Amino acid sequence: MQSTISTFPPYLSLAVWLPIIFGMIVLAVGRDSKAGFTRVLSLVGAVVSFLPTIPLMSSFSNTAHGPQFVEKAAWIERFNIHYYLGIDGLSLWFVPLTAFITIIVVISAWQVIEERVAQYMGSFLMLSGLMIGVFVSLDGLLFYFFFEATLIPMYIIIGVFGGPNRVYAAFKFFLYTFFGSLLTLIAIIYLYNKSGGSFDILAWHQLPLDMKEQVLIFLAFLMAFAVKVPMFPVHTWLPDAHVEAPTGGSVVLAAIMLKLGGYGFLRFSLPIAPDASHYLAPLIIVLSLIAVIYIGLVAMVQKDMKKLVAYSSIAHMGFVTLGFFIFNEIGVQGGIVQMISHGFVSGAMFLCIGVLYDRMHSREIADYGGVVNRMPKFAAFSVLFAMANCGLPATSGFVGEFMVILGAVKFNFWTGLLAATALILGAAYSLWMVKRVVFGKIGNKHVAELTDLNGREFFMLGVLAILTIYMGLYPAPFTDSLQVSVADLLQHVSVSKLPMH
Amino acid sequence: MNPMINNTVSVASINMAPLAAEIFLVVAACAILLIDMFLKEGKRNLTYILSLLTLVGCAAITWTDFSAGTTTYTFFNMFVSDPMANLLKLFTYLAVGITLVYSRQYTGDRGMMSGNMGGEFYVLALFTMLGQMIMISGNNMLPIYLGLEMMSLSLYALVAIRRDHATSTEAAMKYFILGSLASGFMLYGISMVYGATGSLDITTIAKLTAAGAANHTILVFGLVFIVAGMAFKLGAVPFHMWVPDVYQGAPTAVTLLLGAAPKLASFAMMIRILVEGLLPMAVDWQQMLLVLAVLSLAVGNLTAIAQSNLKRMLAYSTIAQLGFVLLAMMAGVSNGSAANAAPAYSAAMYYSITYVLTTLGTFGLVMMLARSGFEAEEIADFKGLAKRSPWYAVIMTLLMFSLAGVPPMMGFMAKWAVLQSVVATGNYWLAIVAVMFSLIGAFYYLRVVKTIWFDDVVDASPISTPLDMRVVLSLNGVLVVLLGVMPNGLLSACLNAMTQTLGS
């Protein structure tokens with residue numbers, strides 16, 4: 001087996017391993033007594049790790065088919081497992097998104113995390129590399145390796161730095177996701193044996209499978225990805241995890257981790273089991289609509305801000321799965337765009353909540369009111385992100401939702417109509433929360449003592465705001481790079497893999 | 001392959017070369033026993049160093065054999081030196097050596113080397129290892145049985161080494177009675193196989209059973225007893241009752257001696273008797289192993305949840321882990337085809353090695369936190385370890401995730417290899433059952449991680465560890481990750497060894 005590295009330096013490997021190595025260094029040399037040094041080192045690590053993702057964006061070819069920036073080398077020859085990396089339009093944007101969010105997370109923890117700083121920062125850096133590994137793996141076992149390994153740092157982050165009920169949330173998070181991925185492991189082994197001992201995901205795409213096999217494989221993958229997305233009815237771990245996780249943990253969960261599931265559908269479920277995908281699409285569509293409407297209603301009645309945004313994430317991810325399973329180009333593209341946009345917007349919303357929490361140590365909506373009087377800059381940002389969350393045109397939230405609704409109407413008018421109610425529900429819960437927290441008279445004397453954003457907070461929210469608006473006004477760079485890959489995917493999915501009779 | 005056996009051959013003409021490691025070990029162990037007599041109390045470091053040097057010597061001899069990669073039979077076909085034996089022996093030396101390093105301070109603190117006690121701990125440990133080496137290399141029922149007894153008797157004595165300690169004595173009693181019962185089972189089974197085939201020689205038994213020349217009914221009866229005896233020694237459900245009590249009751253150093261390396265020898269015993277000797281009977285013994293495997297997974301994982309004592313929890317976890325070894329053992333032959341045999345048994349071998357390395361680390365940490373007059377054997381004793389000593393907290397975490405089978409640790413590759421061989425034979429339900437029980441297992445491993453990282457420090461006393469132990473423990477932890485990320489060498493070595501063993 002010859003090794004292939006199509007670019008030098010190997011950007012993808014750097015994007016995966018730089019944050020992991022920096023994470024290890026931070027863990028090794030960071031001390032609470034030298035907290036400042038630890039923070040600076042982590043920031044340097046996060047920024048350096050972001051650098052190799054820039055050439056990915058700049059020299060990605062929008063017209064090429066198949067994976068780009070490929071790196072392939074034998075890894076475990078005994079089982080024909082390869083270290084096989086590559087990205088296409090489906091995975092391209094998640095790599096810089098992950099690296100970028102990691103920088104934001106490091107900044108967001110600057111003055112907030114005072115104890116065990118190295119463990120906090122190191123965990124996030126390593127987590128970042130592992131998540132990028134999931135997005136760029138083209139070898140089934142390598143994918144699983146990264147997919148599972150992400151659980152370890154996240155478990156530690158929630159459990160060590162979380163809220164009062166953190167142990168319960170950490171266990172629930174770990175065991176829920178572990179359950180899903182174990183069944184996927186069996187599907188992966190099955191595919192390995194079926195394909196004559198290959199872990200090449202792209203080869204699995206070409207593997208003929210009969211209907212029963214496809215349905216079982218689809219369901220096995222669904223277990224892992226549905227839990228991760230999360231889809232109704234296996235979503236219950238997410239509100240717990242979000243509420244208990246520290247701000248950075250919530251940001252990474254919402255902005256990146258949920259996308260691992262959505263991405264899994266595109267990389268595994270749809271192309272490997274296309275007939276089963278068509279056959280089971282009604283099920284996924286119904287579950288997605290339940291997520292959009294029912295979870296949207298659930299979000300509305302939440303008293304805890306973080307819980308509200310957590311439920312809104314589930315509703316938004318319902319849009320994503322809906323877009324994937326209506327099998328038209330605009331729907332799938334909309335789903336991916338929605339995932340990227342949600343990365344910015346939900347991350348920003350959790351940061352906003354974090355800003356308030358750091359000052360008041362409460363996430364109850366009822367404890368606030370009239371924040372705008374004391375924190376005008378903060379109010380401006382939170383209104384912007386709430387608008388983006390409910391899909392206001394000219395924000396990134398609009399693009400994805402609009403595309404999915406367009407695709408859904410094409411697919412079936414009533415599906416489109418039901419999906420569109422999400423815009424109303426989204427507006428209802430997001431704006432109502434902002435109204436109760438930000439506007440009105442000053443609620444109590446604690447609010448009266450609030451101070452507005454400091455430079456660090458302004459910077460991170462500002463960057464996210466620019467990206468949200470940029471993506472809303474000019475989504476072409478994102479959609480252009482998706483087009484070829486999505487068209488190829490849909491073309492592939494439209495061809496039956498059933499054996500000829 | 002088999003040299004013709006000439007009954008009038010003289011001892012001088014026997015090829016002793018394949019036994020070089022065993023002979024060296026006997027001589028060295030006796031010498032150490034003598035030298036130790038002249039050492040003053042508190043100056044037993046020499047015994048310790050000599051024991052370790054003995055292991056290094058054995059390793060050097062076995063390594064030469066291993067790198068030659070040949071299969072040699074000697075001593076009237078009773079003894080075999082093949083790559084499987086040599087590979088397992090190398091890991092046995094490693095396991096015993098690491099155990100000795102971990103237990104130096106522990107045994108010293110507990111008076112296991114003073115008073116009317118000399119360096120017996122070391123000598124007995126070396127003799128258990130000798131027993132294991134004979135089990136690994138036995139190619140005849142009798143040497144295998146003798147090796148088993150040699151190992152067991154030394155272990156009985158070791159468990160009881162703290163005579164003034166009530167729990168240890170009780171554990172020794174239990175271990176001795178149940179162990180003798182198991183040996184009896186085993187011997188009875190062997191006698192039946194002898195009755196059916198007229199031979200104790202593994203190679204001959206294999207030939208006769210393959211030709212259908214042996215009485216099937218008697219053979220199956222014998223098999224039942226042999227499998228039951230093995231299950232006793234392995235600690236598979238429903239023959240597991242002694243495991244938790246002995247693991248908990250024995251001094252931790254001894255727990256490690258009987259919990260780690262002997263599993264490799266037991267694995268070799270299964271391969272020699274069941275696979276090499278009785279492969280044509282695979283349909284029969286695979287069914288037995290299936291029941292043992294599923295029960296072990298179920299009982300081990302479910303009962304471990306209820307434990308608050310770490311040693312006891314690890315005992316149940318051992319039972320569950322061995323369920324996985326047995327799963328791979330029963331995936332070798334399906335539909336009359338042994339095509340999957342080498343991959344499946346090599347998966348079991350890799351799993352056993354993984355299990356041994358992880359167990360060494362976990363019990364090593366239990367010993368590290370212990371100090372004179374205090375055993376750190378409750379899970380609660382690990383509270384806040386992350387604050388007391390971040391590095392060892394990381395190691396313990398890695399070991400726990402390895403036991404739970406989470407990548408990138410070694411435990412994941414081992415579980416993967418076993419599941420792969422189970423799925424390859426079409427036993428999907430079995431694979432699903434196995435992973436669901438691993439999910440349950442993940443809970444109690446996670447609980448230990450939780451105790452280490454999320455809980456506040458209760459016992460803030462400083463951890464004093466000798467340098468050798470710190471170094472070895474760190475290497476042990478690193479090895480568990482390294483062999484998980486780069487498992488190819490060991491996986492291939494296991495497969496090659498198993499292919500050669502099956503082919504000869």
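This is a predicted model: local features need pLDDT of at least 70, side-chain atom pairs count only at pLDDT 80 or more; totals for chains, interfaces and linings use all residues.
**Helix H7 of chain B**
- H7 of chain B spans residues 202–210, and its buried residues are B:Ile202, B:Ile205, B:Leu208 and B:Thr209.
- Those buried residues line one face of the helix, because they fall within an arc of 130° when seen down the axis of H7(B).
- As background, an α-helix has 3.6 residues a turn, so residues three or four places apart point the same way.
- After H7(B) comes B:Gly212, which has a positive phi, near 70°.

**The largest nonpolar core**
- The largest nonpolar core holds 403 residues, and A:Ile186, B:Leu327, B:Ala328 and B:Tyr351 have the most contacts inside it.
- Helix H14 (residues 341–369) of chain B supplies the largest share of this core, with 20 residues.
- Setting aside neighbours within four places in sequence, B:Tyr351 is in contact with B:Phe324, B:Val325, B:Ala328, B:Ala414, B:Ala417 and B:Val418.

**Where chain B touches chain A**
- Here, 25 residues of chain B are in contact with 24 residues of chain A.
- On the chain B side, helices H17 (410–424), H18 (428–453) and H20 (488–503) are the elements that give two or more residues.
- H18(B) gives the most to that side, with 11 residues.
- By type, the chain B side that touches chain A has 20 nonpolar residues, four polar and one charged.

Note on methods
Residues are numbered from 1 along each chain as its sequence is written. Chains are lettered from A and ligands numbered from 1 in the order in which they are written. A residue is buried if 20 or more other C-beta atoms lie within 10 Å of its own, exposed if 12 or fewer, and partly exposed in between; C-beta atoms are placed from the backbone. Helices (H or I, at least four residues) and strands (E, at least two) are DSSP runs, numbered from the N terminus. The arc is that of the directions from the helix axis to the C-beta atoms. A nonpolar core is a set of buried Ala, Val, Leu, Ile, Met, Phe, Trp, Tyr and Cys residues joined through C-beta atoms within 7 Å. Two residues are in contact if their C-beta atoms, placed from the backbone, lie within 7 Å. Ala, Val, Leu, Ile, Met, Phe, Trp, Tyr, Cys and Pro count as nonpolar, Asp, Glu, Lys and Arg as charged, and the others, Gly among them, as polar.
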